[in-house]
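Dear colleague,

I am passing on the structure we spoke about, and I would be glad if you could look through it alongside the notes below.

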Amino acid sequence: MNRPDIHADDYALTLNTSKDMLECMRAGKLDSISIVTNMSCFEECMELLYAEIPNLPFLPLMSVHLDFVEGRCLAGRKKAPDLVKNGSDLMGLGWGGLFFASYLPGKRKKIRAQLICEIKEQLARGDRAAKRCLEIAEKAGVPCAQKGLRIDSHQHAHMIPVVWEAMLAAVKDEGYTVEYIRNSKEVLGVFLTEVSLYKTYRPINFIKNRLLSLYSHKADRYCKENGIKPMYLWGLVMSGRMDQKRIERLYPKMCAKAKRDGRQLEILFHPGLMLADEVTDEVAGEAVEDFYRREDRHVEKEAVLGMKW
């Protein structure tokens, strides 16, 4: 197994979230990041990154963080009316709506077509930004290993069947060369080996782990068909609470499991904290209190900065 990929989600979610992630990048602690493209602060956050690239030890790999549950609809209300809240351009269908649309034949086709439009817009915006980053890095002599498009999503929504179909259709239509699509496949057995940690996990995260595992086989097939190394993700059961002590307890077992199965291990963090004055109608209220504004976000940042992998 290669060295684990230390990854951070949610660059450009807010300005402060991005600044926290930039601190981790300057320390050379992030191998890869995900960039949210449909927030109002996107351009401002990208300008911060563009200016910082010459000072980085290396430029992390960059994924387009597809977002269908928050932010604004880039395709617009006319092209994607069922994805937005009534009378606005804010994303409104949500994870549950996308999930149920996957199993309603009359709705699936319509939602799929609208998702294709939205995904094309988000991919195009993210791809342009990543290419500009690569150009700046090359001129400044800052190394970066990225060659093609990389894709993941907010709340792992790309794993939902109708979203997965729409994403692959958009990639094919636009002729992208894809080097990575996240497979949100997390090994549950490793967590069960440490009985003393059971009470430190949020029960809802076990449900997410199992549900996403059901959808992981199609991602494995895609990787095999396209010559992409299969992967395991670590960051679902401990989502929002990826602290250093528990990581150190589980790290040897996670690495050993990935090595035995011939998979790349991606360790997922959310090291950025949203400030109170950054809360807007672009983000869900429950997510603000339960996730974006929790001090646990700084626990994850401390883990990224403090771990020696």
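What follows covers the pockets and then the nonpolar cores.

Please bear in mind that this is a predicted model. The largest pocket has a volume of about 800 Å³, and it is lined by 36 residues, with Val 69, Trp 95, Gln 155, Lys 208 and Ala 287 lying nearest its centre. Strand E1 (5-11), helix H3 (94-101), helix H7 (203-214) and helix H10 (285-292) are the elements that give two or more residues to this lining, and H7 provides the largest share, six residues. By class, the lining of the largest pocket comprises 15 nonpolar, 11 polar and 10 charged residues.

The second largest pocket holds about 430 Å³ of space, and among the 19 residues that line it, Asp 5, Leu 61, Arg 150, Tyr 180 and Gln 264 are the closest to its centre. Strand E5 (178-181) and strand E7 (264-269) each supply at least two residues of that lining, in which 11 residues are nonpolar, one is polar and seven are charged.

Turning to the cores, the largest nonpolar core has 58 residues, and those with the most contacts inside it are Tyr 11, Met 25, Ile 33, Met 46, Leu 49, Phe 191 and Trp 234. Helix H9 (residues 244-260) contributes the largest share of this core, six residues. Leaving aside residues up to four places away in sequence, Met 46 touches Tyr 11, Ile 35, Ala 129 and Cys 133. Apart from this core lies another, of 46 residues, which includes Ile 160, Trp 164, Ala 170 and Tyr 180.

With best wishes

Conventions: Residues are numbered from 1 along each chain as its sequence is written. This is a predicted model: local features need pLDDT of at least 70, side-chain atom pairs count only at pLDDT 80 or more; totals for chains, interfaces and linings use all residues. Side-chain values use heavy atoms; hydrogens and water are left out. On a 1 Å grid over the protein atoms alone, a cavity is a set of points where a 1.4 Å probe fits but cannot get out, and a pocket is an open set with protein on both sides within 12 Å along at least five of seven lines; lining residues have an atom within 4 Å of a point. Grid points are joined across faces, edges and corners, and a volume is the space filled by probe spheres set on the points. Helices (H or I, at least four residues) and strands (E, at least two) are DSSP runs, numbered from the N terminus. Ala, Val, Leu, Ile, Met, Phe, Trp, Tyr, Cys and Pro count as nonpolar, Asp, Glu, Lys and Arg as charged, and the others, Gly among them, as polar. A nonpolar core is a set of buried Ala, Val, Leu, Ile, Met, Phe, Trp, Tyr and Cys residues joined through side-chain atoms within 4.5 Å. Buried means under 20% relative accessible area, exposed over 50%, partly exposed in between (1.4 Å probe, protein chains only). Contact means heavy atoms within 4.5 Å.
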